[in-house]
Amino acid sequence: MMEKLLIICVFVGIIHMIETLAYSVRLAGLKTRKLVVALSLFNIIVIVSRTANMVQAPLTGKLGDAVQSKEDFPVLLHQLQTILLAASIGTIAGALLIPSFVSIFSRMISHLEVAGSVPKMMKNITSIHTLEKAKKHVKRPRWIMLSQLRIGGVPKRLLLLNLMATTIYTVGVLSTLYASTLEPTLSKSILMSSGLINGLAMITLAVFVDPQVAILTEKVMKGESTKQSMNKMVGTLVISRLCGTVCAQILLVPAALYIAWICKLIP
């Protein structure tokens with residue numbers, strides 16, 4: 001069981017690391033002045049996240065299947081909390097990798113323009129010579145970057161909405177899994193509600209968060225705003241995302257109880 005939990009944690013960490021790095025894609029696009037290409041190229045990396053999610057989902061479901069009695073509830077709860085901890089660790093890893101990612105991803109955009117296609121680009125960048133040159137693009141995060149991340153200039157409502165969406169997205173599936181073990185007679189309806197919960201998080205991000213980030217990106221592209229303001233927004237969004245994964249720990253049990261209660265009310 002420990003091996004299975006470790007595998008789940010690794011996949012969850014990768015998923016949240018990639019989703020954290022997604023904030024910095026626009027920085028690479030601004031650096032190269034190739035924003036559309038950057039967003040398109042990042043979709044390839046997103047495939048890794050989607051694949052990891054497809055693998056870990058049934059494995060996580062198996063944790064719930066292992067619950068045979070009420071005595072197993074504390075074990076399952078500890079496992080779910082460990083998975084949420086992996087989400088926070090993955091977010092921190094993604095935040096630390098942002099400076100290196102922006103530099104390396106910018107080079108990938110240049111390679112794509114030269115190669116003309118993704119397969120040719122992958123062939124070029126996986127050569128030993130190219131991989132050796134990539135070392136110089138690895139950058140250590142500096143404390144001065146953190147000191148510049150003051151909330152001033154970044155809408156507090158945007159950060160709050162990002163935090164809420166991250167919390168819901170992070171805890172949604174795990175809380176429904178825990179709720180289904182608390183109310184086994186309603187397990188099917190509870191598990192089916194996970195899509196609705198995650199859908200609310202996606203709607204929040206798509207309607208309220210992403211458009212504001214896109215507007216600021218366009219202003220920077222046109223010279224109406226500075227790159228520093230974009231760096232600040234990305235940094236504060238990453239911090240609010242990390243806070244969202246922490247809030248997910250707190251809301252795991254209350255969310256499970258609430259989901260179970262709602263499903264009981266459904267006729």
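Phe42 counts as buried because its relative accessibility is 8%, where buried means under 20% relative accessible area, exposed over 50%, and partly exposed in between (1.4 Å probe, protein chains only). This is a predicted model, in which local features need pLDDT of at least 70, side-chain atom pairs count only at pLDDT 80 or more, and totals for chains, interfaces and linings use all residues. Residues are numbered from 1 along each chain as its sequence is written, and side-chain values use heavy atoms, with hydrogens and water left out.

The structure holds five aromatic pairs; rings of Phe, Tyr and Trp (its six-membered ring) pair if their centres lie within 6.5 Å, and planes under 30 degrees apart count as stacked, over 60 as edge-to-face and the rest as tilted. Two of the pairs are tabulated here.

| Pair | Distance of centres | Angle of planes | Class |
|---|---|---|---|
| Phe42 and Phe101 | 6.0 Å | 85° | edge-to-face |
| Tyr258 and Trp261 | 6.0 Å | 40° | tilted |

Ring pairs join Phe42, Phe101 and Phe105 into a cluster.

Tyr258 and Trp261 both belong to helix 11 and stand three residues apart, about one turn of the helix. Tyr258 is exposed, at 52% relative accessibility, whereas Trp261 is partly exposed, with a relative accessible area of 47%.

Note on methods. Helix = DSSP H or I, 4+ residues; strand = E, 2+ residues; numbered from the N terminus.
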